[in-house]
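Please read the following note alongside the sequence and the model. The points are meant for someone who is meeting this structure for the first time.

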Amino acid sequence: MRYTYFLILLLLLANAGCVKKKKEKYFTGTVEYTYTYISDSLNTDSLKKRRPANGYFRYDTSNYQSRFTGADTFTYYYSGNLNKCLSEPGSSKKYECEDYSIMSDSVLFVKDYLTEEEILGYSCRILELQKKNSWVKYYYTTDLRIAPVTYKNHKAYNWDVYGTKAGGGLILKMEHRFSKFVMSGVAVNLSIEKGDFKALEIEESLFSEICK
């Protein structure tokens, strides 16, 4: 009888492990956003010309890459394990390294709540961050989650706060209020890739070369 109970216990533990493993599958793939701008004091057409029109984010379980296109193009390559980011203007191959363990702004308060809005078929929650220098609202889905390595030590731009409070929920819409204008973005395309997908379109050896 004890042997039977032992086998049952092993099966229950194994099943619990499988369930936990399923829950730990993180989003790997790409998200495309379009951005719009409004302002009471600045020329909107001028803002559109100077600021990004589109954003392309690529995630895997360790890194992410973000590219913003418009009049100028900038690409950011983030290593979650190193907590460093390489930035590249255009396709210049001229990289600069930034330490993302340094907080660039302070968060004064956080508010998280439900919304009935769906984006690309995904239900969302809203996370508001009141910062010292700006205010941001993220619409995120908990159906897709980015890996903790991509945000847990990422203090720059308060990405660690978003990731922790949202549980890594993937951002599908955002509103960023600055002093003189508001930038809004919404996901228009989402592609889920296999687990071997690589977010960075550069060799990771570049980090050791540039970040000295």
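**Notes on the model**

1. Tyr 157 counts as partly exposed, because its relative accessibility is 44%; here buried means under 20% relative accessible area, exposed over 50%, and partly exposed in between, with a 1.4 Å probe and protein chains only. The residue sits in the loop between strand S9 (135–145) and helix H3 (159–165), where helices (H or I, at least four residues) and strands (E, at least two) are DSSP runs numbered from the N terminus.

2. On the basis of the work, this is a predicted model, in which local features need pLDDT of at least 70 and side-chain atom pairs count only at pLDDT 80 or more, while totals for chains, interfaces and linings use all residues. Residues are numbered from 1 along each chain as its sequence is written, and side-chain values use heavy atoms, with hydrogens and water left out.

3. The backbone of this loop deserves a careful look. Phi of Tyr 157 is near 60°, a positive value in a residue other than glycine, and phi of Asn 158 is likewise near 60° and positive, again in a residue other than glycine. Most residues other than glycine have a negative phi. Asn 158 also belongs to the loop between S9 and H3, but with 1% relative accessibility Asn 158 counts as buried.

4. How many disulfides does the rule give? The count comes to 1 disulfide, a disulfide being a pair of cysteine sulfur atoms within 2.5 Å. The bond joins Cys 97 to Cys 211, with an S to S distance of 2.0 Å, and with 105° about the S-S bond this link is right-handed. Cys 97 lies in strand S6 (residues 96–99) and Cys 211 in the segment after helix H4 (205–210), so the pair ties together parts that are 114 residues apart in sequence. Cys 97 counts as partly exposed, at 33% relative accessibility.

5. Cys 85 counts as buried at 2% relative accessibility, and Cys 124 counts as buried at 4%.

6. For the chain as a whole, there are 4 helices and 11 strands, and buried residues make up 39% of the 212 residues. Of the contacts (heavy atoms within 4.5 Å) with a separation of 6 or more, 56% are accounted for by residues 24 or more positions apart.
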